[in-house]
Amino acid sequence: METLPKKYLILTYGCQMNVHESEKLAGILEDNGYLPCTDATQADIVVFNTCAIRENAEQKIFGNIGELKNIKLANPNMLIAVGGCMSQQKNYADEIMKRYPYVDIVFGTHNLADFENLLKKRKETGKRISETTEDETIALRDKLNISRTSGVNAWVNIMYGCNNFCTYCIVPYVRGREISRPEVDIISEIKKLLSEGYKQITLLGQNVNSYSGKDEEGKEVSFAKLLFDIDNLDGKFRIRFMTSHPRDLSSDVIDVIANSKHICHGIHLPVQSGSDRVLKSMNRHYDIKRYNSLVDEIRAKISDSELTTDIIVGFPGETEEDFKATLDVMRKAEYMQIFGFIYSKRKGTPAEKMENQIDKKTKKERLSRLLTLKNDIINAKTAKMLNQTYEVLVESVDEQKGLLYGSLDSGKTISFKGTKNCLGEFVMVKVIQVKKSVIYGELVDNTAMKTFKEKNYKLPVEVSILPSGEKNMKILRENKQNKKLECDKKSKK
Ligand code: 5AD
Ligand code: SF4
């Protein structure tokens, strides 16, 4: 009798680094005969690739692991693995093993390349496995087969880990110290990706500006040199990178971007706070004068540059005055996008122990003021885009609506009418409608569309724990639970 292929489901939480690492996990599973599926009820293995950056990410993941209990009861042969940043945190692996006895494998960030062996061990011994090493041979991670599912976009690690120890951040504890990949490995990976038709290469690292790899002769390669060398590759493509640290973004890097053919002028430069006092307490190693001078230098050298940023509100000790300084930076930098976060205490980080933790209400109120200003800034910038024409990379398609979605050099998304064969093409699009921060356009040259060939990109698919028809049921259940919690609270009073 023919056996059906086994199916896998990967649930990814958090940043682009995790999205890419899920592509590596998918590669391992596909090498082992598994095929992808879109919900846990069809899956033979469900892998959680977790995030630990803020408490709410963790709560969501714990809730989602809890939801798998009934699915596992219905299908006891299904395997469940929980990996990534949350698992790597001190004592978390034990906690997950204890709290969720139906989880089969817990593995840390440094066990990714070993996942195939963990899977085999679980199947051979029938015993539950928990492995979170701190010693990893990074070269092994670089050798993994990657099952890319990000359409025209390809993520490329240039380095792993972080040495910065910003006082709020869990990343250095769960991803270890910085290790830069050799330049030749990065360049050959990118050359291959370009030959396969990928159009947008995003270089990944927690602090890409401190990249310090080696060339073939063993000579040190800076981030500026790496960017320069990638920019010299042939073809029509875009280069992006994330994330930059304002302390380490050098004039050399800005010069390379300014003179490049392929590097996007949209730059993500997390400021975190506008107050020197708070920045010092965050251990960020720059002050606002330095940050603003970087912004000025970028604007002067790259006239069409667009900045985006991350901001934390409610860091311990943040006063109203400190917060107002953050709003001032936002006004000055005129960001194209702002990711605002409420400070979340992370176990084992220095900020966890700081006095003057800010109360929840103040944090929420500050985030809401930040979001109001953010919308004002972004909407005003977007309004100026009406009737302008931009080069757009077509990244996805909604065939039913006949709509294409693409990105501008700045990273901003635009939608416009078009056909599927435009995927992966660079086209000129005029902005014809602006609704708050959302832009709609039209192709400048409709005839060019007819000449594009259809290509085979693997686009991201939406996955979930329950089949799509049952999502409403899930929401109903969540509501019921919330009501129960509210009742519980009332009855305790
Ligand atoms: N609380 C809130 N936001 C955080 N970030 C990192 N750690 C925390 C935390 N403990 C934010 C920073 C970072 C982004 C990826 O997440 O702004 O740049
Ligand atoms: Fe976290 Fe700071 Fe490292 Fe970014 S640079 S990952 S915020 S410690």
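User: What makes a residue of the protein chain count as buried, and what share of the 493 residues does so?

Analyst: In this predicted model, 38% of the 493 residues of the protein chain count as buried. The cut-off is 20 or more other C-beta atoms within 10 Å of the residue's own.

User: Why is H285 called partly exposed?

Analyst: Let's count together! H285 has 14 C-beta neighbours inside 10 Å. Buried needs 20 or more and exposed needs 12 or fewer, so 14 falls in between and H285 counts as partly exposed. You will find H285 in the loop between α11 (276-281) and α12 (288-301). Its phi is near 65 degrees, a positive value in a residue other than glycine.

User: And N356: is it buried or exposed, and how do you know?

Analyst: N356 has 10 C-beta neighbours inside 10 Å. The limit for exposed is 12 or fewer, therefore N356 counts as exposed. N356 lies in the loop between β16 (337-342) and α14 (360-383), and although it is not a glycine, its phi is positive, at about 55 degrees.

User: How do you know what size a compact globule of 493 residues would have, and what does the chain show?

Analyst: The rule is 2.2 Å times the number of residues to the power 0.38. For 493 residues this gives a radius of gyration near 23 Å, and the protein chain has 23 Å, so the value agrees with a compact globule. Along its principal axes, the C-alpha trace spans about 60 × 60 × 55 Å.

User: What surrounds ligand 1, and what makes the shell residues nonpolar, polar or charged?

Analyst: Among the residues around ligand 1 are I53, R54, Y168, Q272, D310, S344 and R346. The shell divides into 7 nonpolar, 2 polar and 3 charged residues. Take the charged group: Asp and Arg belong to it, so D310, R54 and R346 are counted there.

User: Where is there a cis peptide bond, and what is its omega?

Analyst: The bond from M242 to T243 is cis, with omega near 5 degrees. T243 sits in the loop between β13 (238-242) and α10 (251-258).

User: How confident is the predictor in the protein chain?

Analyst: On a scale from 0 to 100, the protein chain averages a pLDDT of 93, and 94% of the residues score at least 70. Over residues 472-493, however, the pLDDT is below 50, and beyond near neighbours in sequence this stretch has 1 contact in the model. Where pLDDT is low, the predicted coordinates should not be read in detail.

Key. Residues are numbered from 1 along each chain as its sequence is written. Chains are lettered from A and ligands numbered from 1 in the order in which they are written. This is a predicted model: local features need pLDDT of at least 70, side-chain atom pairs count only at pLDDT 80 or more; totals for chains, interfaces and linings use all residues. Two residues are in contact if their C-beta atoms, placed from the backbone, lie within 7 Å. A residue is near a molecule or strand if its C-beta atom, placed from the backbone, lies within 6 Å of it. Helices (H or I, at least four residues) and strands (E, at least two) are DSSP runs, numbered from the N terminus.
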